[in-house]
Each structure stands twice: as structure tokens, then as C-alpha cells.
Amino acid sequence: SSPLHGWTADPWLPFPPGAHSLNVAAQVGDPTSMLHFTRRLLALRRATPALHAGEFALVGDSPSLLAWERRDPSGDRWFTYVNPTDEVHDSPDALIGATVVMCTDPESEGTEVTRKLPARVAFLAHRPATM
């Protein structure tokens with residue numbers, strides 16, 4: 001949160017407009033901050049084999065969003081969905097019914113993925129292996 005935001009000299013690139021609030025010092029006390037979201041995401045990745053060693057496949061065909069699946073040998077499936085646009089998208093069939101584990105919209109966590117995927121959101125959803 002210092003004037004140089006941790007740099008020892010003035011860097012050649014300008015600081016972003018929100019640098020005074022988009023830093024560790026400002027976010028450490030806010031459990032809903034991007035800092036804590038990132039830490040939760042990294043911990044989940046470390047604890048979940050499919051997220052760091054599973055098979056990878058892109059899901060869907062929309063040029064304006066990014067979605068992929070990671071699957072481990074047991075059939076455990078994890079989906080990542082990133083929509084930076086203001087448009088709602090139809091869900092690829094594979095995502096429907098998966099449970100949202102982490103989301104940039106915390107109110108969506110714990111819900112099931114439906115036919116319509118929200119705008120301006122990113123989430124990680126899980127579908128456990130079926131027997």
C-alpha cells in the first residue's frame with residue numbers, strides 16, 4: 001500500500017488506477033477479496049489431483065468465453081468457466097448439474113450449474129465420479 005506498491009524504484013510501467021486498493025495490505029483483512037479467493041483456489045488445486053494432473057479438454061465452442069474440463073483416472077470431473085463478457089451463454093451439456101465449488105460471485109457457490117451460464121463471472125464446478 002506504499003506509494004511504490006512494494007517496488008524499490010519507480011517502475012517503467014504505470015500503476016493501475018486501483019493500485020491503492022488492489023494490494024495485499026488492503027485485501028488481507030477482507031475474506032471476500034481476490035487475495036483470499038486466489039489463496040482458496042490454489043489450496044483447492046493442490047488438494048485435488050484432477051486440477052493439477054488430470055486430463056484436459058476444452059468444453060463448448062463460444063469464441064467469447066473459455067471453459068475446460070479436468071478429469072482424473074477415477075472419473076472425477078472439474079470444470080472451469082470464465083465469461084468476461086456481459087452476455088449470458090448456454091451451458092455445454094457436460095456442465096449442467098455440476099456443483100459450483102468456487103465462484104467470483106460467492107452467492108453462486110454450492111449451487112448447481114444450469115442451462116444458462118452467467119455473464120461477468122468465473123467459476124470452478126465439480127461432478128464426482130459415478131459408479
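Modeller: Buried means under 20% relative accessible area, exposed means over 50%, and partly exposed is in between (1.4 Å probe, protein chains only). This is a predicted model, where local features need pLDDT of at least 70, side-chain atom pairs count only at pLDDT 80 or more, and totals for chains, interfaces and linings use all residues. Residues are numbered from 1 along each chain as its sequence is written, and side-chain values use heavy atoms, leaving out hydrogens and water.

Biologist: Why is arginine 71 called partly exposed?

Modeller: Its relative accessible area is 31%. That value lies between 20% and 50%, so arginine 71 is partly exposed.

Biologist: What makes arginine 71 and glutamate 69 a salt bridge?

Modeller: The rule asks for a side-chain nitrogen of Lys or Arg within 4 Å of a carboxyl oxygen of Asp or Glu. Here the N to O distance is 2.9 Å, so the pair qualifies. Glutamate 69 has 9% relative accessibility. That is under 20%, so glutamate 69 is buried.

Biologist: How many salt bridges does the rule give?

Modeller: The count is 6. One of them joins arginine 40 to glutamate 109, with the closest N and O atoms 3.0 Å apart. This pair links distant parts of the chain, 69 residues apart. Arginine 40 is in helix H2 (residues 34-47), and glutamate 109 is in the loop between strands E5 and E6. Helices (H or I, at least four residues) and strands (E, at least two) are DSSP runs, numbered from the N terminus.

Biologist: What do you call arginine 40 and glutamate 109: buried, partly exposed or exposed?

Modeller: Arginine 40 has 37% relative accessibility, and glutamate 109 has 26%. Both values lie between 20% and 50%, so both residues are partly exposed.

Biologist: How do you know that aspartate 86 and arginine 120 meet in a salt bridge?

Modeller: Their N to O distance is 2.8 Å. That is within 4 Å, so the pair counts. The two residues sit in separate loops, so the bridge ties together parts that are 34 residues apart in sequence.

Biologist: Why does aspartate 86 count as exposed?

Modeller: Its relative accessible area is 62%. That is over 50%, so aspartate 86 is exposed. Arginine 120, at 55%, is exposed too.

Biologist: Which residues does the salt-bridge network join?

Modeller: Glu69, Arg71 and Arg77, through bridges that share partners.

Biologist: How many aromatic pairs are there?

Modeller: There are 2. Rings of Phe, Tyr and Trp (its six-membered ring) pair if their centres lie within 6.5 Å; planes under 30 degrees apart are stacked, over 60 edge-to-face, the rest tilted.

Biologist: What makes phenylalanine 56 and tryptophan 68 a tilted pair?

Modeller: Their centres are 6.3 Å apart, and the angle between the planes is 40°. Phenylalanine 56 lies in strand E1 and tryptophan 68 in strand E2, so the pair ties together parts 12 residues apart in sequence.
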